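This report concerns a single predicted protein model and the packing of its side chains. Please view the sequence and the coordinates together while reading.

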Amino acid sequence: MTDTQTLPLFPLHGVLLPGAALGLRVFEARYLDLVRECGRQDSTFGICLILEGEEVGAPATPAAWGVEAVVEDFDVGADGVLQLRLRGARRFHVGRTRVRDNGLVVGEVQWREPDHDDELRPEHALLGLLLERILEQAGGEFAGAGPAQLDQAAWVGWRLAELLPLEDEQRLVLLQEDDAHQRLDRLLTWIPDFEPPETDL
């Protein structure tokens, strides 16, 4: 774990994962203020799953785990609503929260250690094959992933967590796990019926 930092939070009915992209429409005053503040200070904010409450209106209760959101791009839609393209970065744990006068939730967060560049272990090789097959079928920004990425334990785990039809609560469980191999163990228990694609011998 690393140092504690004050981080504004954006609770959502969804989980942002490290390396994943997320589109976000921003129209409430507190979040427009947040975006302006991040732009002025060249800072970031955190995305946390909502445990209780809604995305609009009264401040929601966020989960104690989340991911830093980096703004990659922004635009204003035809309806005048600000649209952000975010990228998940560092994981964090929220120690305590407070609510600003404008309704924005701010957390005292502790950053988790970044993932190591460990290779897939033999018992997780099927997960690498599964991800490769998903990317071939689904396309998208990771369709051109090469062997180096597909053999990296952390990257495979996060991409499967992003692309598989998991519940938000399951993704939240993965966020709490610091060990990439244990995340893959957990994924294996959730997809026990997976059969590897056929290969030519």
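The model is predicted, so local features are given at pLDDT of at least 70, side-chain atom pairs count only at pLDDT 80 or more, and totals for chains, interfaces and linings use all residues. Residues are numbered from 1 along each chain as its sequence is written, and side-chain values use heavy atoms, with hydrogens and water left out.

## Aromatic pairs

A pair of aromatic rings is described by the distance of the centres and the angle of the planes. Rings of Phe, Tyr and Trp (for Trp, the six-membered ring) pair if their centres lie within 6.5 Å; planes under 30 degrees apart count as stacked, over 60 as edge-to-face and the rest as tilted. The whole structure contains four aromatic pairs, and two of them are set out here.

| Pair | Distance of centres | Angle of planes | Class |
|---|---|---|---|
| F10 and Y31 | 3.8 Å | 15° | stacked |
| F142 and W155 | 5.6 Å | 90° | edge-to-face |

F10 belongs to strand β1 (residues 4–12) and Y31 to helix α1 (residues 29–41), so their pairing ties together parts that are 21 residues apart in sequence. Helices (H or I, at least four residues) and strands (E, at least two) are DSSP runs, numbered from the N terminus. F142, in the loop between α2 (125–138) and α3 (147–150), and W155, in helix α4 (residues 153–163), are 13 residues apart. F10 and Y31 are both buried, as are F142 and W155. Buried means under 20% relative accessible area, exposed over 50%, and partly exposed in between (1.4 Å probe, protein chains only). F10 and Y31 also form one aromatic cluster with F45.

## Nonpolar cores

In soluble globular proteins, nonpolar side chains tend to be buried together. A nonpolar core is a set of buried Ala, Val, Leu, Ile, Met, Phe, Trp, Tyr and Cys residues joined through side-chain atoms within 4.5 Å. Which residues have the most contacts inside the largest nonpolar core? They are F10, V26, F45, I47, L160, L164 and L187, in a core of 49 residues. Helix α4 supplies the largest share of this core, seven residues. Another core, of eight residues, lies apart from it and includes C48, V105, V109 and W111.

F45 has contacts (heavy atoms within 4.5 Å) with residues beyond four places in sequence, among them L7, F10, L34, V67, E68 and L86.

In α5 (168–175), the buried residues are R171, L172, L174 and L175. Their arc, taken from the directions from the helix axis to the C-beta atoms, is 155°, so they line one face of the helix. Elements covering them include β3, β4, β5, α4 and α6.

In helix α6 (residues 180–190), A180, H181, R183, L184 and L187 are buried. These residues span an arc of only 155° around the axis, which puts them on the same side of α6. Their cover includes β5 (82–99), α2, α4 and α5. The N-terminal end of α6 is capped by D179, with a side-chain oxygen 2.8 Å from the backbone nitrogen of H181.

## Charged residues

Strand β5 contains R87, which counts as buried at 15% relative accessibility. A polar atom of the R87 side chain lies 3.0 Å from the backbone oxygen of G19. Beyond four places in sequence, R87 is in contact with residues including A20, E68, E141 and F142.

E68, in strand β4 (residues 61–76), is buried, with a relative accessible area of 6%. The side chains of E68 and T44 are joined by a polar contact of 2.7 Å; such a contact is a pair of N or O atoms within 3.5 Å, where within protein one must be able to donate a hydrogen and the other to accept it, and residues adjacent in sequence count only if both atoms are side-chain atoms. Among the other residues that E68 touches are F45, R87, R90 and W111.

The charged end of R90 sits over the ring of W111, 3.7 Å from its centre; the criterion is NZ of Lys or CZ of Arg within 6 Å of the ring centre and within 35 degrees of the ring normal.

D42 lies in the loop between α1 and β3 (45–52) and is exposed, with a relative accessible area of 72%. Although D42 is not a glycine, it has a positive phi of about 50°.
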